[in-house]
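I opened the notebook to record what I looked up in this model.

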Amino acid sequence: MDYEKLGSTDYRGKLERALLYYDQVTLYNSLAEDIPELRYLDGPEGYAAGSGGEKYKLRDHLWDVVHNMRRHPYFQNLGEKDKALALTIALFHDIGKSVGAHSDDTIEQDPDHDLPSMRIARGWMERSLGAY
(Lines give C-alpha, C1' and ligand atoms only; values in the text may rest on other atoms or scores of the structure.)
Protein backbone atom coordinates (compact mmCIF):
# COMPACT_ATOMS: atom_id res chain seq x y z
CA MET A 1 0.00 0.00 0.00
CA ASP A 2 1.17 3.50 -0.75
CA TYR A 3 1.20 5.10 2.70
CA GLU A 4 1.64 8.56 1.19
CA LYS A 5 -1.63 8.05 -0.68
CA LEU A 6 -3.25 7.19 2.65
CA GLY A 7 -1.70 10.26 4.19
CA SER A 8 -3.20 12.55 1.59
CA THR A 9 -6.82 11.58 2.28
CA ASP A 10 -9.19 13.30 4.68
CA TYR A 11 -10.44 9.90 5.78
CA ARG A 12 -7.07 8.90 7.19
CA GLY A 13 -7.30 11.92 9.47
CA LYS A 14 -10.76 10.83 10.58
CA LEU A 15 -9.48 7.33 11.34
CA GLU A 16 -6.45 8.63 13.24
CA ARG A 17 -8.59 10.94 15.37
CA ALA A 18 -11.08 8.17 16.07
CA LEU A 19 -8.51 5.55 17.00
CA LEU A 20 -6.22 7.85 18.95
CA TYR A 21 -8.62 10.07 20.87
CA TYR A 22 -12.21 8.81 20.98
CA ASP A 23 -13.68 6.80 23.81
CA GLN A 24 -15.04 3.35 22.91
CA VAL A 25 -18.64 4.41 22.23
CA THR A 26 -17.65 7.41 20.11
CA LEU A 27 -15.05 5.29 18.31
CA TYR A 28 -17.61 2.61 17.50
CA ASN A 29 -20.21 5.12 16.30
CA SER A 30 -17.63 6.89 14.14
CA LEU A 31 -16.26 3.77 12.45
CA ALA A 32 -19.32 1.49 12.30
CA GLU A 33 -20.90 3.59 9.57
CA ASP A 34 -17.85 2.93 7.36
CA ILE A 35 -17.06 -0.66 8.38
CA PRO A 36 -20.21 -2.80 8.00
CA GLU A 37 -18.52 -5.79 9.61
CA LEU A 38 -18.37 -3.85 12.89
CA ARG A 39 -22.12 -3.25 12.74
CA TYR A 40 -22.65 -6.99 12.19
CA LEU A 41 -20.50 -7.86 15.20
CA ASP A 42 -22.69 -5.59 17.31
CA GLY A 43 -25.71 -7.84 16.65
CA PRO A 44 -26.81 -11.11 18.22
CA GLU A 45 -24.66 -13.12 15.80
CA GLY A 46 -21.37 -11.48 16.83
CA TYR A 47 -20.00 -14.25 19.07
CA ALA A 48 -16.75 -16.13 18.41
CA ALA A 49 -15.25 -19.19 20.11
CA GLY A 50 -12.10 -19.01 22.19
CA SER A 51 -9.40 -21.65 22.51
CA GLY A 52 -11.26 -23.30 25.40
CA GLY A 53 -14.56 -23.30 23.51
CA GLU A 54 -15.94 -20.36 25.48
CA LYS A 55 -17.94 -17.82 23.50
CA TYR A 56 -17.20 -14.12 23.61
CA LYS A 57 -18.48 -11.02 21.88
CA LEU A 58 -15.91 -10.42 19.13
CA ARG A 59 -16.67 -6.70 18.99
CA ASP A 60 -15.73 -6.39 22.68
CA HIS A 61 -12.48 -8.26 22.08
CA LEU A 62 -11.52 -5.90 19.22
CA TRP A 63 -12.22 -2.84 21.39
CA ASP A 64 -10.23 -4.35 24.27
CA VAL A 65 -7.23 -4.85 21.99
CA VAL A 66 -7.47 -1.24 20.74
CA HIS A 67 -7.81 0.02 24.33
CA ASN A 68 -4.89 -2.08 25.58
CA MET A 69 -2.75 -0.95 22.66
CA ARG A 70 -3.42 2.69 23.57
CA ARG A 71 -2.24 2.03 27.14
CA HIS A 72 0.90 0.04 26.29
CA PRO A 73 4.13 1.85 27.27
CA TYR A 74 5.77 1.21 23.87
CA PHE A 75 2.77 2.74 22.13
CA GLN A 76 3.38 6.04 23.88
CA ASN A 77 6.80 6.33 22.19
CA LEU A 78 5.45 5.95 18.65
CA GLY A 79 4.86 8.84 16.25
CA GLU A 80 1.28 9.74 15.26
CA LYS A 81 1.36 7.79 11.95
CA ASP A 82 2.72 4.67 13.63
CA LYS A 83 0.15 4.95 16.42
CA ALA A 84 -2.66 5.14 13.86
CA LEU A 85 -1.24 2.17 11.95
CA ALA A 86 -0.87 0.08 15.13
CA LEU A 87 -4.44 0.83 16.17
CA THR A 88 -5.77 0.06 12.69
CA ILE A 89 -4.06 -3.34 12.85
CA ALA A 90 -5.49 -3.91 16.33
CA LEU A 91 -9.00 -3.07 15.12
CA PHE A 92 -8.91 -5.41 12.12
CA HIS A 93 -6.75 -8.27 13.46
CA ASP A 94 -9.63 -10.67 14.26
CA ILE A 95 -12.52 -9.06 12.38
CA GLY A 96 -12.73 -11.99 9.94
CA LYS A 97 -13.29 -14.70 12.57
CA SER A 98 -16.26 -17.02 12.20
CA VAL A 99 -19.11 -15.80 14.37
CA GLY A 100 -22.61 -16.84 15.33
CA ALA A 101 -25.25 -16.49 18.00
CA HIS A 102 -24.27 -17.17 21.61
CA SER A 103 -26.69 -20.11 21.61
CA ASP A 104 -25.12 -21.58 18.43
CA ASP A 105 -23.32 -24.80 19.39
CA THR A 106 -21.58 -25.01 16.02
CA ILE A 107 -19.28 -22.01 16.59
CA GLU A 108 -15.73 -23.30 16.75
CA GLN A 109 -12.35 -21.72 17.24
CA ASP A 110 -11.23 -20.21 13.94
CA PRO A 111 -7.46 -20.43 13.45
CA ASP A 112 -7.82 -19.59 9.73
CA HIS A 113 -9.27 -16.11 10.21
CA ASP A 114 -6.15 -14.27 9.04
CA LEU A 115 -7.05 -14.09 5.34
CA PRO A 116 -10.70 -13.13 5.90
CA SER A 117 -9.55 -10.41 8.34
CA MET A 118 -7.06 -9.14 5.77
CA ARG A 119 -9.71 -9.11 3.04
CA ILE A 120 -12.09 -7.09 5.21
CA ALA A 121 -9.34 -4.58 6.06
CA ARG A 122 -8.30 -4.32 2.43
CA GLY A 123 -11.90 -3.87 1.28
CA TRP A 124 -12.37 -1.09 3.81
CA MET A 125 -9.15 0.60 2.62
CA GLU A 126 -10.27 0.40 -1.01
CA ARG A 127 -13.78 1.72 -0.24
CA SER A 128 -12.84 4.43 2.21
CA LEU A 129 -9.33 5.44 1.30
CA GLY A 130 -9.05 4.62 -2.38
CA ALA A 131 -5.87 2.81 -1.41
CA TYR A 132 -4.26 -0.42 -2.55
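Is arginine 59 buried or exposed? I found a relative accessibility of 19%, so arginine 59 counts as buried; buried means under 20% relative accessible area, exposed over 50% and partly exposed in between, with a 1.4 Å probe and protein chains only.

Notes on the source: this is a predicted model, in which local features need pLDDT of at least 70 and side-chain atom pairs count only at pLDDT 80 or more, while totals for chains, interfaces and linings use all residues. Residues are numbered from 1 along each chain as its sequence is written, and side-chain values use heavy atoms, with hydrogens and water left out.

Entry, helix H5. I placed arginine 59 in helix H5, residues 58-71; helices (H or I, at least four residues) and strands (E, at least two) are DSSP runs numbered from the N terminus. The arginine 59 side chain makes a polar contact with the side chain of aspartate 60 at 2.7 Å. A polar contact is a pair of N or O atoms within 3.5 Å; within protein, one must be able to donate a hydrogen and the other to accept it, and residues adjacent in sequence count only if both atoms are side-chain atoms. Beyond four places in sequence, I listed Tyr28, Leu41, Asp42 and Gly46 as contacts of arginine 59 (contact means heavy atoms within 4.5 Å).

I then listed the buried residues of H5: Leu58, Arg59, Leu62, Trp63, Val66 and Arg70. Seen down the axis of H5, they fall within an arc of 140°, so they line one face of the helix; the arc is that of the directions from the helix axis to the C-beta atoms.

Entry, isoleucine 95. I found isoleucine 95 in the loop between helix H7 (80-92) and helix H8 (114-129). At 4% relative accessibility, isoleucine 95 counts as buried. Proline 116 is 21 residues from isoleucine 95 in sequence, and their C-alpha atoms are 7.9 Å apart.

Entry, core. The largest nonpolar core has 26 residues, and Ile35 and Ile95 are among those with the most contacts inside it. A nonpolar core is a set of buried Ala, Val, Leu, Ile, Met, Phe, Trp, Tyr and Cys residues joined through side-chain atoms within 4.5 Å. H7 supplies the largest share of this core, five residues.
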